[in-house]
Amino acid sequence: MTLFKQIALMLSLFLLVILITVLTLNFKSANQSVQEQLYEDAKNTASSLSLSLGSANGDISMMSTMINANFDSGHYHYISLIDVENTVLYERSAENVQTDVPEWFLNAIHIEAPVASANVSAGWNNVGILHVQSDSSHAYTELYTIFKELLISFSILALIGLTILNLLLAAILKPLKKVQLQAEAVIRNEFIIQEKIPYTKEFKDVVLGMNTMVSKVKAMFDKGNEELKKQKELEYIDRATKLKNRKYLIDKLPQYLKIDADSKGGINIMIALSGVIEANEAIGHRRVDTLFMEIAKIFIEQTKHYDNSIISRMNGTEFSILLPDCSDTDALKLAQAIYDSVSKTILACGLNITLTFISLGLYEYNYRQSIGQLLSLSDNALAQAKFKDTHIHLDKAESAVEVMGKEAWRKIIYEALDANNFTFTLWTAVDGKSKKIAHNVLSITLQAKDGTSYSYGQFMASANQAGLSSSIYKNILEMMFKTPDNRLKNSICSLRLSYEYLSRGETYTELSLLFKNFAAKLPFKLIIELPDKLVRQNSEQIKLYKALFEKYTIEMGVFEFIGESEDYQYLQDLRPVYIKGESSYFLTQSEQSLSALRLISDSIGISLIATGVMDMQTYQKLADINIHVIQGKATEMIALT
Amino acid sequence: MRKFKVLFFLLFFVALAHSLEPYVDDKLLDDITKKYNMFAKKRFVFLQKTLDSLESADDLQKLNAVNEFFNRVRYASDMQAYQKTDYWATPWEFLGKDMGDCEDYVISKYFALIYLGIDSKKLFFTYVRSTKFKEPHMVLTYFETPRSEPLILDNTNFKIFPASKRTDLIPIYNFNGESLYKISATGTGKKIEEQKSHKKWDELKLNMQRKKI
C-alpha cells in the first residue's frame with residue numbers, strides 16, 4: 001500500500017471518528033435537551049396545577065375535573081394526585097401514542113420522561129403531592145427529526161471533509177510522487193533531475209539529495225562518454241586523412257568473417273602509394289600530406305554507393321577498402337576509377353606519375369576466412385599489383401568445397417520450417433569470478449528429415465543466402481513462446497536476433513502479438529540480444545522495441561559491440577543489461593578506452609561480456625582487465641560452484 | 001458478653017462521629033471570620049452552642065429555641081442585603097450578614113431543625129399573605145402528623161402559634177423540597193442531587209452544598 005493510501009486512510013478514519021463522535025455528542029445533547037424540556041413542561045404544569053388545585057379546598061371531584069382539563073389539553077403521559085398518606089386520590093394515564101418514528105429508532109433510543117412533582121395544599125393543610133409526566137412520543141418525533149438532520153448535515157460535512165482532505169493530501173504528497181518517480185528512474189539507471197523543488201522541508205532535502213546523486217552519476221556517464229569518444233578517435237581514426245585505421249578494420253572484420261554474417265564475402269582492395277619519399281623531396285611534406293587527404297577523399301567518393309564498406313589507412317602509405325557483397329567485375333571497375341582519379345591528382349600536384357603512383361591489390365574474400373588470411377592474401381594481391389603495368393591485380397580465394405549445394409540447403413531449411421524442426425541447443429555465459437552461470441544462451445539447431453542435426457553455424461549462412469533467416473527466427477520465436485521448454489524454468493536465457501530480422505517491417509507487429517499472448521506464460525527470464533549495429537542507430541524502431549520489451553519485462557542485451565558509435569547516449573537511453581563484444585575487441589583496447597567504457601557501463605549498470613573466449617589463457621587476460629563473464633569454449637573449463 | 005462489647009463500641013463510634021460533625025465546623029468558622037468579622041464568628045459559635053444544648057430536647061423545645069435564636073437577626077429586604085430582588089440565602093450568609101428577609105429566616109430555621117433531627121416531612125415552607133403588612137410573606141410550618149394543625153414559625157412573631165391562631169396570615173401554598181426530591185428521584189435512576197424539584201430550592205441546595213457564605 002502506498003504512503004498516500006495509508007495516510008489518506010488514517011486521516012479519513014480519524015475524520016470519520018471525529019465526525020461520528022461529534023454527531024453522537026450532538027445527538028446526546030439533543031436527547032438530554034429534549035428530556036429536560038419534557039421535565040420543564042411537566043414541572044410548569046405541576047406547579048400551576050397544584051396552585052389551582054389548592055383553590056378546590058380538598059374537594060376531590062373539583063380537583064379531578066381540573067386534572068382532566070389539564071390532561072386532555074396537553075401532551076401528558078401521566079398525572080396523579082397522591083394524598084399525604086400515599087393513597088392515590090386521582091390519576092390519569094395515556095396509551096402509547098402512534099408516531100411516524102421507525103421502530104428501530106424507538107428501540108435504540110430510550111427516552112425516560114421525568115416525573116415532576118409539586119405539593120398541593122388547601123389552606124394550612126397539605127392535600128398531597130401532584131405528579132406530572134409528559135408524553136414522550138412527541139419527544140421521539142422531535143428527536144428523530146433532529147437525528148435525521150444531524151445525519152444529513154454530518155454526511156455532507158464528511159463528504160466535503162474527505163474530499164478536501166484527499167485534495168490537500170494529494171497536493172502535499174505531490175512532491176513525494178515525483179520523488180518516487182525519480183527513485184524508480186534511478187533504479188532503471190535513468191537520469192531525471194527534478195526541477196521543481198518541493199516546499200516541504202523533508203521532501204526538499206530528499207529531492208535535493210536525489211538531484212545531486214543523479215547529477216553526479218550523469219556527470220560520470222557524460223565523462224565516460226566523452227572519454228570513450230576521444231579514445232575512439234585516437235584509436236580508430238587516422239589523424240591525417242580522418243579515415244579509419246588498421247585497428248578499426250581488425251576490430252570490425254569479425255562481423256564480416258562469420259557464419260551468420262549478412263554478407264557472404266566481397267572484395268578487399270589494398271592500395272599502396274609508392275614514391276612518397278620522392279614526392280616529399282619534390283613538393284614537400286605539407287603538400288604530400290594534402291595529397292593523402294585528396295586521395296582519401298577520392299576513396300570516399302568512389303565507394304559512396306557501397307553499403308557497409310570500410311576505408312582504412314593501414315600504415316603511412318597503404319590503405320584498405322573492404323567492399324562486402326561486391327563482385328570482382330565491379331571491384332575491378334572501381335579500382336580502375338580510383339587509379340585514374342588518384343593518378344590525375346598526383347599529376348595535378350606536379351609529381352611524376354612514374355615515380356609516384358598507386359597500386360591496387362584486389363582480393364576476393366569469403367566469410368569463412370580468418371582476419372589473418374584476409375590481410376595476408378590482400379597483401380599478396382597488392383604485391384602482385386605493384387609489379388603490374390596496370391597496377392591493379394585481382395586474386396580470388398580458393399572456394400571451399402561445399403558439403404552441400406545451395407539448393408540442397410534451401411530444401412532442408414524449407415522442410416525444417418514446414419515441419420517446425422528447429423530446436424535450441426544450450427550454451428552458457430559463465431561468470432568466472434563467482435563460478436556461476438550468468439545466463440543460458442539459446443542457439444538454434446536444425447533437425448533434418450533424415451535425423452541429422454545441423455548447428456547454427458552450419459545452416460545459417462545458407463539460410464542468409466536464401467533469404468530465409470527471418471522465417472527461421474519467426475519460427476523459433478513462436479516455438480519458444482508457444483511451447484516453452486519447462487526444463488529452463490526459473491533460469492535466465494538469452495536469444496540473439498539478427499539485424500535483418502529486426503529490421504523487417506512486420507517483425508515488431510509479430511513480436512507484439514506473440515508477447516501479448518504468451519510472454520506472461522514464459523517460464524524463464526528472457527534476454528533478447530540485438531546487434532550493436534542496429535541498436536546504436538537509436539532509431540524510433542529501436543525505441544519501440546525497447547518499450548515493447550519493457551512492457552513484457554523482457555530484458556535487452558547488445559552483441560557485436562566494438563564501441564564505434566559517435567555517441568554512447570544510446571546505451572543510456574536503452575539501458576541493456578549487458579554488452580557482448582569479441583574477446584579480441586576487449587583485449588586490444590587501450591587502458592583509457594576500456595576505463596572510459598567501464599565508466600559508462602558502471603554508471604548505468606551494464607555488464608560487459610566477452611564472447612569467443614576459447615581458452616583459459618584468454619579468460620585470464622580478460623579477468624586481468626576486470627571482465628569476468630565470458631562465452632565460448634573456455635566456459636567448459638571453468639568448474640562451476 | 002462479647003456481643004455487648006461490640007454494641008458498645010459501635011454506639012461509641014456513632015456518638016463520636018456525630019459529635020465530630022458540628023453544624024458549624026472549624027473551617028467554616030475561619031472562613032466566616034475572614035469574610036465577615038469576629039462578631040459573626042461569635043454568632044455562629046453561639047448558634048452551635050444553642051444547637052448542642054438542644055440535642056436531647058423534644059421537637060417543641062427545638063422549635064422554640066431555633067425560632068427564638070434566628071428571630072434575633074435583623075430583617076432586611078433582599079435588595080438591602082444582596083442587591084437582588086429575590087434571593088434565598090444560606091444560613092451562613094444569613095447569620096454572617098446578620099440580616100435577611102422572611103425566606104432567609106425560614107431557610108435557616110429549617111436547616112437548623114433538620115440538624116437537630118426533626119423529620120423533614122414535618123417541615124414545610126409556606127407561602128402566605130400577611131393581612132397586617134398587606135404583602136406576600138413566608139413562614140416555616142411544622143406538622144406533627146400529616147393531618148394535624150401546623151405550628152407557625154414566623155419572624156414577625158417571636159412566639160410559635162398554631163395556624164388557627166394566626167388570623168393575620170392567609171395560607172397560599174405549602175412546599176417541601178426534600179419530599180419532592182425523594183418522589184421525583186423514584187424510578188428515574190438519577191441521584192437525588194441531580195434531580196430538580198423547585199427552582200429556588202434547587203439553587204439553595206446547590207449553595208448549601210458549596211457552603212456559600
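Is Asn626(A) buried or exposed, and how many other C-beta atoms lie within 10 Å? I looked this up first: Asn626(A) is exposed, because 12 other C-beta atoms lie within 10 Å. My cut-offs: a residue is buried if 20 or more other C-beta atoms lie within 10 Å of its own, exposed if 12 or fewer, and partly exposed in between, with C-beta atoms placed from the backbone.

**Ground rules**

I am working with a predicted model, in which local features need pLDDT of at least 70 and side-chain atom pairs count only at pLDDT 80 or more, while totals for chains, interfaces and linings use all residues. Residues are numbered from 1 along each chain as its sequence is written, and chains are lettered from A and ligands numbered from 1 in the order in which they are written.

**Two loop residues**

I went back to Asn626(A) for its backbone. Its phi is near 70°, a positive value in a residue other than glycine. I found Asn626(A) in the loop between α21 (616–624) and β19 (629–631) of chain A. Helices (H or I, at least four residues) and strands (E, at least two) are DSSP runs, numbered from the N terminus.

Gln83(B) sits in the loop between α5 (78–82) and α6 (91–97) of chain B. It counts as exposed because it has 8 C-beta neighbours inside 10 Å.

I noted 21 helices and 19 strands in chain A. Of its 641 residues, 35% are buried. For contacts I take two residues whose C-beta atoms, placed from the backbone, lie within 7 Å. Among the contacts in chain A with a separation of 6 or more, 71% are between residues 24 or more positions apart.

Next came the nonpolar cores, meaning sets of buried Ala, Val, Leu, Ile, Met, Phe, Trp, Tyr and Cys residues joined through C-beta atoms within 7 Å. The largest has 67 residues, and Ile528(A), Leu530(A), Ile600(A), Ile609(A) and Ile630(A) touch the most other members. Leaving aside residues up to four places away in sequence, the contacts of Ile630(A) include Val430(A), Ile609(A), Val613(A) and Leu622(A). A second, separate core of 47 residues includes Cys326(A), Leu334(A), Tyr363(A) and Leu375(A).

**Helix α4 of chain A**

I checked the length of α4 (residues 137–187) in chain A. Leu173(A) and Pro175(A) are among the buried residues of α4(A). The cover over the buried residues of α4(A) includes α1 (3–54) and α5 (201–236) of chain A.

**Strand β7 of chain A**

Which way do the residues of β7 (residues 310–313) of chain A point? Ile310(A) and Ser312(A) point one way, Ile311(A) and Arg313(A) the other way, and all are buried. In a regular strand the side chains alternate between the two faces of the sheet.

I count strands as paired if DSSP finds at least two bridges between them. β5 (residues 244–245) of chain A runs parallel to β7(A), joined by two bridges, and Asn245(A) partners Arg313(A). β7(A) and β8 (residues 318–324) of chain A are antiparallel, with four bridges, and Ile311(A) has Ile321(A) as its partner. A hairpin of four residues joins β7(A) to β8(A).

**Chain B and the contact**

Chain B has nine helices and seven strands, and 34% of its 213 residues are buried. Five of its strands form an open antiparallel sheet in the order β6-β5-β4-β3-β7. The edge strands, β6 (161–162) and β7 of chain B, each pair on one side only. β3 (residues 123–130) of chain B meets β7(B) over six antiparallel bridges, with Arg129(B) opposite Ile170(B).

Last, I looked at where the chains meet: 17 residues from chain B and 16 residues from chain A take part. β7(B) gives the largest share of the chain B side, four residues.
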